[in-house]
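Trainee: I have this one open on my screen and would like to go through it with you. Can we take it piece by piece?

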Amino acid sequence: MPVVEIYADGACKGNPGRGGWGAILRTRRGEEWIEKELFGGEPLTTNNRMELLAVISALKALTKPCRATVFTDSQYVQKGISEWIVGWKARGWKTAAKEPVKNADLWRELDALRAGHELRWEWVRGHNGHEGNERADALANKGCASLGR
């Protein structure tokens, strides 16, 4: 099973506002690292949606089952997929306060995409010099910029 590192980040200019997402997929072939960069944006969105779309887009880019570590600076994504989602699903996509889960469409998509992969979710502090996270952040901002002003 291929081993992949995924670095994912989202950005938003205003919240809601113009948003972007970026992701880097890295895998080793022999002695060299092979990388793929992805980015995109939406004209009116939220930061949390962009954080989720970054991971979703990265998982969609995988062509076969992988063992992957997903690095994100979003505790919303990391805790949501590792902890909170179990309760949301058990309550019919409601929070503990019985409110609808925000971004449930993306959470459902992310939940479906993780099937078949062995995923580990790692939170990293954003804007703290973590090379993969800094590059994913730059791609997310490129996604914002691709929409113009």
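Mentor: Gladly, and let us start with Glu118, which lies in strand β5; keep in mind throughout that this is a predicted model.

Trainee: OK, is Glu118 buried or partly exposed?

Mentor: Glu118 counts as partly exposed, its relative accessible area being 41%.

Trainee: And which residues is Glu118 in contact with, leaving aside its neighbours within four places in sequence?

Mentor: Those contacts are Met1, Cys66, Arg67 and Ala68. For Ala68, which is 50 residues from Glu118 along the chain, the C-alpha atoms of the two residues are separated by 6.2 Å.

Trainee: Changing topic to charges, how many salt bridges does the count come to?

Mentor: The count comes to 12 salt bridges. One of them pairs Glu5 with Arg26, where the closest N and O atoms are 3.4 Å apart. Glu5 sits in strand β1 (residues 3-14) and Arg26 in strand β2 (residues 17-29), so this pair ties together parts that are 21 residues apart in sequence.

Trainee: What is the relative accessibility of Glu5, and is Arg26 buried or exposed?

Mentor: Glu5 has a relative accessibility of 22% and counts as partly exposed, whereas Arg26 is buried, with a relative accessible area of 15%. The cut-off matters here, because buried means under 20% relative accessible area.

Trainee: Which residues are linked with Glu5 and Arg26 in a network of salt bridges?

Mentor: The network links Glu5 and Arg26 with Glu35, Glu37, Glu131 and Arg135. Within it, Glu37 forms a salt bridge with Arg135, and the closest N and O atoms of that pair are 2.9 Å apart. This pair links distant parts of the chain, since Glu37 belongs to strand β3 (residues 32-45) and Arg135 to helix α4 (residues 131-145), 98 residues apart. Both residues are partly exposed, Glu37 with a relative accessible area of 44% and Arg135 at 24%.

Trainee: What about Asp111, which residue does it form a salt bridge with?

Mentor: Asp111 pairs with Lys89, and their closest N and O atoms are 2.8 Å apart. Here too distant parts of the chain are linked, with Asp111 in helix α3 (residues 104-113) and Lys89 in helix α2 (residues 75-90), 22 residues apart. Asp111 is buried, at a relative accessible area of 16%, while Lys89 is partly exposed at 41%.

Trainee: Since you mention α2, where is its kink centred?

Mentor: The kink in α2 is centred on Trp84 and amounts to about 60°. Even so, the 16 residues of α2 reach 21 Å from the first C-alpha to the last, which is close to the 22 Å expected at 1.5 Å a residue. Just after this helix, Gly92 takes a positive phi of about 70°.

Trainee: Which residues of α2 are buried, and what covers them?

Mentor: The buried residues in α2 are Tyr76, Val77, Gln78, Gly80, Ile81, Ile85, Gly87 and Trp88. Their cover includes α1 (47-61), β4 (67-72), α3 and β5 (118-123).

Trainee: And α1, how many residues does it have?

Mentor: Helix α1 has 15 residues, and its reach of 21 Å between the first and last C-alpha is close to the 21 Å expected at 1.5 Å a residue. Its buried residues run through Met50, Glu51, Leu52, Leu53, Ala54, Val55, Ile56, Ser57, Ala58 and Leu59.

Trainee: Back to β1 for a moment, is Asp9 buried or exposed?

Mentor: Asp9, which lies in strand β1, is buried, with a relative accessible area of 1%. Not counting residues up to four places away in sequence, Asp9 touches Met50, Glu51 and Ala54, among others, and its contacts also include Trp21, Asp73 and Asp137. The C-alpha atoms of Asp9 and Glu134 are separated by 8.8 Å, although the two residues are 125 residues apart along the chain.

Terms used:
Residues numbered from 1 in each chain as written. Predicted model: local features only at pLDDT ≥ 70, side-chain atom pairs only at ≥ 80, totals over all residues. Heavy atoms only, no water. Salt bridge = Lys/Arg side-chain N within 4 Å of Asp/Glu carboxyl O. Helix = DSSP H or I, 4+ residues; strand = E, 2+ residues; numbered from the N terminus. Buried < 20%, exposed > 50% of the residue type's maximum accessible area, 1.4 Å probe, protein only. Expected span 1.5 Å × (residues − 1). Bend = angle between axes of the 7 residues up to and from the residue. Contact = heavy atoms within 4.5 Å.
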